[in-house]
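Please open the model in a viewer and keep the sequence panel at hand.

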Amino acid sequence: MEKTALNACFQCGECTAVCPMRRVSKFAPRSIIQEIQAESRTDAVRAVEGAKAGAGAAEIAETAETVGTAGVAGVAGTAGTESKEWLWMCLLCGSCLMKCSQGVDFPQFILHAREERGGAPEELLPHRELSQITEIMSILERGVPTDFEGETDESSEIGFFPGCLAYFDLFMDVSGVNYKEIGDYSLKLLNKIGIKPRILPLKCCGHDILFQGKRETFERLVAFNKRKIKESGIKMLILNCAECYFTFKKYYKLEEEGVKVVHLAEILAENMHFIRKAMKEASEASVKSSRTKAVRVAYHDPCALKMLGVYEAPREVLRAVAGVEFVELPHARENALCCGVSGMLLCNDATKALRAFRLGEVREVKADVLVTTCVKCLSHFNCLKREQERLQQKGQAAEEEVRSSGGSSEYEFEICDLAVFLGRLLAE
């Protein structure tokens, strides 16, 4: 596996400055790299000194070069990752890599180090049952359930995979979120623009398992899914989940095999004239007006789309909807902040504080609706929103507790998926 050259880092600190976790904890990519560099240099000196006794100059030079390269191989052990909380705190959001002038791929280093540790301990997984299901799924010869409303065509060269929404409905009890609704509306929106896709019987894309460091399980999922995609003969794969899109696009390399990977927002943006027409017809057919003023909408860029530079498509879709007043959050596009739960790792005070900060930005711009394209962001933003509402009901003491943590119980805006937001407008 390719090594990550941490020695290229010259300690400018830009990575720590843009790291979301640094806002809510002492996590600092620069300090971690500095520690690894220092320990790597110490090991290099020891190795060279040990080699001097019985090795020639060429062997000594080779030893120094091998140990002195702050790559992943061996570094996870020398940096003592067994006792390092930072190994699991990193969100792998990519902000540091996007900012680094030296191109140091710190997220890739974290991934490799997690793999060397054999994957994340179960106690760090807030929804471990989802990871356990994925582990079992990687062995069995069957994909995720795909019972969604809408028209499909089993002979179509356009495939659609709704991700693990069925399992989210079973195991993510988040008040106000109907995960099946995301799949239903995604399929109906595709129908509105003239696409009757083939729903593929794939397994989980493996995003969370990969981020947890379980490479072997991930490779089994990839092998199964790539085989099914090849057998289907599709030329395009549409995904409504940002993390599925990121994983299929970056790690499956389907486009090298003639399969275009597209996010739902991208194909909707290319065909918004169909959506606008359908909304106009729905509005004219309605006997009542559901809105008397423009809906103020903000968009949250999920890390998975941010890392691939997909910023404009969701915004184009939202701006094109009649009755929508689009407003940007203070941190948007490449500066957008992570929701705090990546790879289904950690749900603690630090990550909750990060979500509270983000929802505070939504309140700051006075948005009526926060739209996102990631089921994980949708889940955890809504979870915090409901938690704050419950605290508010407990009285003034709870209100003070929320405010002291940097949040607010006044999250009166709605948080929903892009497909659901559009689909509900069509259904009015």
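The colouring to begin with is pLDDT, the predictor's confidence in each residue, from 0 to 100. The mean pLDDT of the protein is 86, and 82% of its residues reach 70 or more. This is a predicted model, in which local features need pLDDT of at least 70 and side-chain atom pairs count only at pLDDT 80 or more, whereas totals for chains, interfaces and linings use all residues. Residues are numbered from 1 along each chain as its sequence is written, and side-chain values use heavy atoms, with hydrogens and water left out.

**The whole chain**

Display the protein as a cartoon. Its secondary structure comes to 21 helices and 8 strands; helices (H or I, at least four residues) and strands (E, at least two) are DSSP runs, numbered from the N terminus.

Contact means heavy atoms within 4.5 Å. Among the contacts in the protein with a separation of 6 or more, residues 24 or more positions apart account for 78%. Now select residues 60–83. Over this stretch pLDDT stays under 50, and the model has 50 contacts beyond four places in sequence for it.

**Aromatic rings**

Show the side chains of Phe, Tyr and Trp. Rings of these residues (for Trp, the six-membered ring) pair if their centres lie within 6.5 Å; planes under 30 degrees apart count as stacked, over 60 as edge-to-face and the rest as tilted. The count by this rule comes to 10 aromatic pairs.

Select F211 and F246. These rings form an edge-to-face pair, 6.4 Å centre to centre, with 80° between the planes. F211 lies in helix α11 (residues 207–211) and F246 in helix α13 (residues 242–250), so the pair ties together parts that are 35 residues apart in sequence. Both F211 and F246 are buried. A second pair to select is Y411 and F413, which is tilted: the centres are 5.8 Å apart and the planes make an angle of 50°. Y411 counts as buried at 2% relative accessibility, and F413 is buried with a relative accessible area of 4%.

Then select K203 and F224. The charged end of K203 sits over the ring of F224, 4.2 Å from its centre; this description requires NZ of Lys or CZ of Arg within 6 Å of the ring centre and within 35 degrees of the ring normal.

**A loop residue and its surroundings**

Select N240, in the loop between β3 (236–239) and α13. N240 is buried, with a relative accessible area of 5%. Leaving aside neighbours within four places in sequence, N240 is in contact with F160, F161, P162, L165, I182, S186, H263, L264 and T373.

**Cysteines**

Which count does the model give for disulfides? With a disulfide defined as a pair of cysteine sulfur atoms within 2.5 Å, the count comes to 0. Select C347, whose sulfur is 6.1 Å from the closest cysteine sulfur, in C383, too far for a bond. C347 is partly exposed, with a relative accessible area of 36%. C377 is likewise in no disulfide; the nearest cysteine sulfur, that of C374, is 3.8 Å away. C377 counts as buried, at 4% relative accessibility.

Select Q11, in the segment before α1 (14–18). Q11 has a positive phi of about 65° although it is not a glycine, and counts as partly exposed at 22% relative accessibility. Move to M344, in the loop between β6 (324–327) and α18 (349–364). M344 also has a positive phi, of about 55°, although it is not a glycine; M344 is buried, with a relative accessible area of 1%.

Finally, select M98 in helix α6 (residues 95–99). M98 is partly exposed, with a relative accessible area of 39%. Not counting residues up to four places away in sequence, M98 touches K306, Y311 and E334. The C-alpha atoms of M98 and C15, 83 residues apart along the chain, are separated by 8.7 Å.

Definitions and conventions:
Buried means under 20% relative accessible area, exposed over 50%, partly exposed in between (1.4 Å probe, protein chains only).
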